[in-house]
Amino acid sequence: MGDRVHKSLLNARVNVVFYFLTLFLAFFSRKIFLDCLGADFIGLTGTLGNILGYLNLAELGISASVGYFLFRPIQSGNRAGIQDILSVLGYLYSKIGLLILTVGVLVSLSFPFVFSNTSLGLGIVYFSFYSLLGSALVGYFINYRQILLAADQKTYLVAIYTQGATLAKTALQIFLAYTYKDLYLWVSVEFVFGLLGCVILNWKINREYPWLRVNRKNGRALLSKYPDITGKTRQIFIHKIKDFLLVKSDELFIFIFVSLKMVALYGNYLIIVSKLISLFSSITGSIGAGIGNLVAEGNRPHILRVFWQVTTMQHFIAAFLCFSLYNYLEPFVALWLGDKYILDHGILVLLLVFIYITNSRNSVDCFNYAYGLYADVWSAWTELVINLTVTVIFGLKWGIAGILLGKISSLLAIVVLWKPYYLFHSGFKASASSYWAGVSRNYVISALSIAVPTYILRQTPVSPYQSLVSWMLYASIGTVLFLLLSFPLNLLFAKGAKDCIRRFLK
């Protein structure tokens, strides 16, 4: 258990460090690239990246499925089993890589029509696309073994080598863009460092697991030995494609039901929200593999104790996110862009309800993944249907508020009600009533932790709209008020809170 906690904390620390480094460099490099390479070229790379994102849909489900099957052999030290499963992954990824390459070539045939109005020229378009495609394919043909690091709670190694390569690449691109302003040179660096990061990471994997021998050619024969991988992959794929469609549909629906201008206004909110959520994800995102290994041990009482520790932590984070965004987001947007970019306050409230549900759900999702509970494919389709139905009905009437209402409705039905029941019934083999008895405390604590400090904060004479300094003072006061109330409430009443604190203080 101690080793699991140590690995989780190490992963979190490394992820946080790289989060702030990449955040700073991304902000700084964006202006340099725009000034030196032009908005058209940056827009081109973003568009090509989105195209590759759709091509990568073919992978959805495989890495998650294989990661699940790795937990038990890792826990038991079954090296032969690990090698067999990775051989299957290598075989599947090689097929997907060839499929993506083929589709990518076919898609590129349309570029003379798609990019007919660009001033950059088709030469740089094709050079950029195939360089980005090559970098992506490296992961399918060479770098697929890194999934073992994730399943073995060693994502800090992935962060150190891949994010380290990204930082070095961006620094070099900044220098070259400022010095030479050469588009081809910039793209070449993108490809070379993608390949270099892969080579270095594979070297580290060989050092970490000198016994590891993976044979992709045997993967097809071994697939019959692990037939559940195919079935589990199909199940996970449906859930992943649902998530992909729901996440990617926001801006499309806003464009259809409202306007292109509102897409940009809503996008400003999402930039701030995504950066804040990413910060906490870099801290908590490494616990999934630890939970998988915990479930593989089969100690049910201990599994339930850890579940409540993670649940309370996730609800605390969700409450802090919602409190911060409710009190700080609108004045920050006013200072950053101006008052005219602030959306209706009701939209912010609905957005925060959505954020609370999606972030507090993580504990249930992690344990469902650890137990391999993806057979409820009907729930994915039901969530999608509810979302689209409510969105179409109310989006036409209320715009962004109606679109968010569609998301919240589907989450309440499936994520809040069904998923915990599925976990307790099929995973924990326990009554779901015990879940509601415990989690209801988290909801009450979160509501009080948001409402009471917000009321007190509004009575302070500091105006967050006056200047950035006043905003920072306002945010500092609010954060202290939140922590002073939320910590005692969680320690006194939340299930698993005391155990969670003890775990992190060890």
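Residues are numbered from 1 along each chain as its sequence is written, and side-chain values use heavy atoms, with hydrogens and water left out. Since the model is predicted, local features need pLDDT of at least 70 and side-chain atom pairs count only at pLDDT 80 or more, while totals for chains, interfaces and linings use all residues.

Let's start with the salt bridges (a side-chain nitrogen of Lys or Arg within 4 Å of a carboxyl oxygen of Asp or Glu). The count comes to 7. In one of them, D84 pairs with K225 at 3.0 Å, N to O. D84 sits in helix α4 and K225 in the loop between α10 and α11, so this pair ties together parts that are 141 residues apart in sequence. Helices here are DSSP runs (H or I, at least four residues), numbered from the N terminus. D84 counts as buried at 16% relative accessibility, whereas K225 is exposed at 52%; buried means under 20% relative accessible area, exposed over 50%, and partly exposed in between (1.4 Å probe, protein chains only).

D376 and K419 also form a salt bridge, at 2.9 Å, N to O, and both residues are buried. Shared partners join D152, K154, K204 and E208 into one network of salt bridges.

A cavity is a set of points on a 1 Å grid over the protein atoms alone where a 1.4 Å probe fits but cannot get out, and its lining residues have an atom within 4 Å of a point. Of its 13 lining residues, S360, R361, V415, Y435 and Y443 are the closest to its centre. Helix α18 gives the most to this lining, with 4 residues.

Note on methods
1 Å grid on protein atoms, 1.4 Å probe; cavity = no way out; pocket = protein on both sides within 12 Å on 5 of 7 lines; lining within 4 Å. Helix = DSSP H or I, 4+ residues; strand = E, 2+ residues; numbered from the N terminus.
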